[in-house]
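Please read the report below alongside the sequence and the coordinates shown here. It moves from the packing of the complex to its chains and then to some local backbone features.

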Amino acid sequence: MRRSGDRALAAIAVALFGALPAGAQQNSASREGSIGAAIVQAVSVQKSQDLVLGEFRPGEAPGTVELHVIPSSSAASRTSSGGVALAGSAFSAAEFSLSAHAGAPVQFAVLLPPSITIQRVGGAESMRVDGFRGSIREVCPPGPCASSPYMLQVGATLHVEAGQRAGRYVGTFTVTVNQL
Amino acid sequence: MVNISVVEMTRRLPLRAAILLGALAMGVPSAARAQVCNATNDPSLAIARTADLQFGDLGATPSAGTAVIDAATGGRTVTGGVVAAGALFNAGAFDVLLCGPAGPKRFDVILPAGSVTLAGPGGATMTVDTFTASPKTSNVSGSTSSVTTITVGGTLRVGANQAPGAYTGTFTVIVARQ
């Protein structure tokens, strides 16, 4: 009984897994596993507004300028900390329009940079920007609407050194958006 | 939302395996799940799959890259232009039970040496290579009384602008008793 059972099994093993070395059938077994992966849809991202931290005066102590995004709103707010004093009134969160693919519910995965450096125009001085955060809102009412019905707003935190040299500082950052 | 669909390849299974898969589907407790050592089973050891290798949702960009599933932790890391999305990913898992007479209770794990192709939408493909196993691939301690779990990771190669959609494939794990 036992022997014939073994032989039958060996035959099956060879049929299924012909790569087994001769003589090894008695000591090995194999199993197939599945592998899965999904590539999610890319989303068209168009910048409609830059991130502008605005004007401020550095102080004798380091500090920050924080640009806050307000969920479900196109407005943004600005605060400062440490030795930094805000000046002027022009500032804006970055804004991107997103073209989602049809399908419900629509979910996005937004990748923002951990930190970037911005540099003074015409100089070598720099400041660090981090704390990037985003908020997505639907900009059309329920029902048919434009092809880019979603807006992504991005705010960040600027770190200002004591006595930071006056000037205009610029840099770039990249946002990556995928639709899940 | 993209559904991650893992389809099992249809193939002819010997009767015992077909019964075994049926038992799995019914949610039999793990102790009785897969391996029974007797004359109608593999003579020296048995292996059953308990989890698929899942790379989960990934975003493709104009740059190629990889997604790696760590066999030991089940964690996922991405390189190059690949963007991690979603939270559903895991290592593959297999339970191994040694059978038969007493003897050295150790076995080796043989993983695919080359690459495995995953089939996707419209003829698009990706490959998985550099398969890894945890706790290890050789001299793994086994038991005739309780299963030893082997987890399997690998490296998924995602092309530049890889076509969106679900990709599936299969790989074979061989366990050999020493």
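## Cores and their contacts

In this predicted model, the largest nonpolar core has 42 residues, and those with the most contacts inside it are Ala37(A), Leu45(B), Ile47(B), Leu58(B), Val96(B), Val152(B) and Val175(B). A nonpolar core is a set of buried Ala, Val, Leu, Ile, Met, Phe, Trp, Tyr and Cys residues joined through C-beta atoms within 7 Å. Strand E1 (residues 28–42) of chain A supplies the largest share of this core, six residues. A second, separate core of 26 residues includes Leu51(A), Leu53(A), Leu67(A) and Leu152(A).

A residue is called buried if 20 or more other C-beta atoms lie within 10 Å of its own, exposed if 12 or fewer do, and partly exposed in between, with C-beta atoms placed from the backbone. Contact means that the C-beta atoms of two residues, placed from the backbone, lie within 7 Å. Leaving aside neighbours within four places in sequence, Leu45(B) is in contact with Ala29(A) of the other chain and, among others, with Val96(B), Phe107(B) and Val175(B).

Residues are numbered from 1 along each chain as its sequence is written, while chains are lettered from A and ligands numbered from 1 in the order in which they are written. Because the model is predicted, local features need pLDDT of at least 70 and side-chain atom pairs count only at pLDDT 80 or more, whereas totals for chains, interfaces and linings use all residues.

## The two chains

Helices (H or I, at least four residues) and strands (E, at least two) are DSSP runs, numbered from the N terminus. Chain A has one helix and 13 strands, and 28% of its 180 residues count as buried. Chain B has one helix and 12 strands, and buried residues make up 35% of its 178 residues. Among contacts with a separation of 6 or more, residues 24 or more positions apart account for 68% in chain A and for 72% in chain B.

Strand E2 (residues 53–59) of chain B is mostly covered, with seven of its seven residues buried. This strand pairs with E5 (residues 83–84) of chain B in the antiparallel sense over two bridges, where pairing requires that DSSP finds at least two bridges between the strands; the bridge partner of Gly59(B) in E5(B) is Val83(B).

## Local backbone features in chain B

A cis peptide bond, with omega about 10°, joins Ser134(B) and Pro135(B), and Pro135(B) lies in the loop between strand E9 (125–134) and E10.

Thr144(B), in the loop between strands E10 (140–141) and E11 (148–158), is partly exposed because 15 other C-beta atoms lie within 10 Å. Thr144(B) touches Leu98(B) and Cys99(B), not counting residues up to four places away in sequence, and its C-alpha is 4.6 Å from that of Leu98(B), although the two are 46 residues apart in sequence.

## Confidence

The predictor gives the complex an ipTM of 0.72 and a pTM of 0.57. The mean pLDDT (the predictor's confidence in each residue, from 0 to 100) of chain B is 78, and 74% of its residues reach 70 or more. Over residues 1–34 of chain B the pLDDT is below 50, although this stretch has 36 contacts in the model beyond near neighbours in sequence. Where pLDDT is low, the predicted coordinates should not be read in detail.
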